[in-house]
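This report goes through a few features of a single protein model.

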Amino acid sequence: MDATDDTPTRARLELTLAWPKISDRDGADLLAFWQREGAIPDETQAKARLAQVVFLARDTDGDVAGVCTALAMTPPQLGQPLYFWRAFVAPKWRSTRLIGTLLARSCEHLREYARERDFPCIGVLLELENARFREKGRRAEWVRPRFAYIGKSPRGLDVRVHYFRGARLK
């Protein structure tokens, strides 16, 4: 992301790749971030989520601004292994393009990671919890990265999937 000043909408954010294993320093910073922001208040659950971190974003002061995670799973409605993708962005950074950057970069990285391992997962699955995305992302297919609407989750949320180029059904 480019920068010309330090306002949240223009500040430079640095992405740190954490997949497949987060560093101890990044893990400690991320646990503090989740606790401070109330994102994952249960410490045991937060520590377990560290194993799923793909990227984290830091501002120019080195503070965590956002994070995305992926968990390999086989949703019963699809019967195919996918990475279940989640993200949390601090409120200060929600009006920026950080979420889109995290999504695009993590799809690229997860695709390469999967390709190098003969595709243990064939794509990325999103369950849209954020009301803003449900309202603004009404197109059946998103372009960058390409995600298709595939229905509702058991929780009644919109579900989208991005299949990796070259992956085959299991």
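Cys107 counts as buried because its relative accessibility is 2%, under the 20% cut-off for that class. The model is a predicted one. Cys68 counts as buried too, at 0% relative accessibility. The structure holds 0 disulfides. The cysteine sulfur nearest to that of Cys68 belongs to Cys107, and it is 8.9 Å away. For Cys107, the nearest cysteine sulfur is that of Cys68, at 8.9 Å.

| Residue | Relative accessibility | Class |
|---|---|---|
| Cys68 | 0% | buried |
| Cys107 | 2% | buried |
| Phe33 | 0% | buried |
| Ser153 | 7% | buried |

The largest nonpolar core has 42 residues, and Leu30, Trp34, Tyr83 and Leu98 have the most contacts inside it. Two or more residues of this core come from each of helix H1 (24-37), strand E2 (53-58), strand E3 (64-73), strand E4 (82-89), helix H3 (98-115) and strand E5 (123-127). H3 gives the largest share, 7 residues. Another core lies apart from it and has 6 residues, including Leu82, Phe84, Leu125 and Val161.

How many aromatic pairs does a search of the whole structure find? There are 5 of them. One of the pairs joins Phe33 and Phe88: the ring centres are 5.7 Å apart and the planes stand at 65 degrees, so the pair is edge-to-face. The angle is over the 60 degrees required for that class. This pair links distant parts of the chain, since Phe33 is in helix H1 and Phe88 is in strand E4, 55 residues apart. Phe33 is buried, at 0% relative accessibility.

Ring pairs also link Trp19, Tyr83, Tyr113 and Phe164 into a cluster. One member of this cluster, Tyr113, has Arg117 over its face, at 3.7 Å from the ring centre.

Ser153 lies between strand E7 (147-152) and strand E8 (158-163), and with a relative accessible area of 7% Ser153 is buried. Its side chain makes a polar contact of 3.0 Å with the side chain of Glu127. Leaving aside neighbours within four places in sequence, Ser153 is in contact with Glu127 and Val159.

Note on methods
Residues numbered from 1 in each chain as written. Predicted model: local features only at pLDDT ≥ 70, side-chain atom pairs only at ≥ 80, totals over all residues. Heavy atoms only, no water. Disulfide = S-S within 2.5 Å. Buried < 20%, exposed > 50% of the residue type's maximum accessible area, 1.4 Å probe, protein only. Helix = DSSP H or I, 4+ residues; strand = E, 2+ residues; numbered from the N terminus. Polar contact = N/O pair within 3.5 Å; in protein donor to acceptor, adjacent residues only side chain to side chain. Contact = heavy atoms within 4.5 Å. Core = buried A, V, L, I, M, F, W, Y, C linked by side-chain atoms within 4.5 Å. Phe/Tyr/Trp six-rings, centres within 6.5 Å; stacked < 30°, edge-to-face > 60°. Lys NZ or Arg CZ within 6 Å of the ring centre and 35° of its normal.
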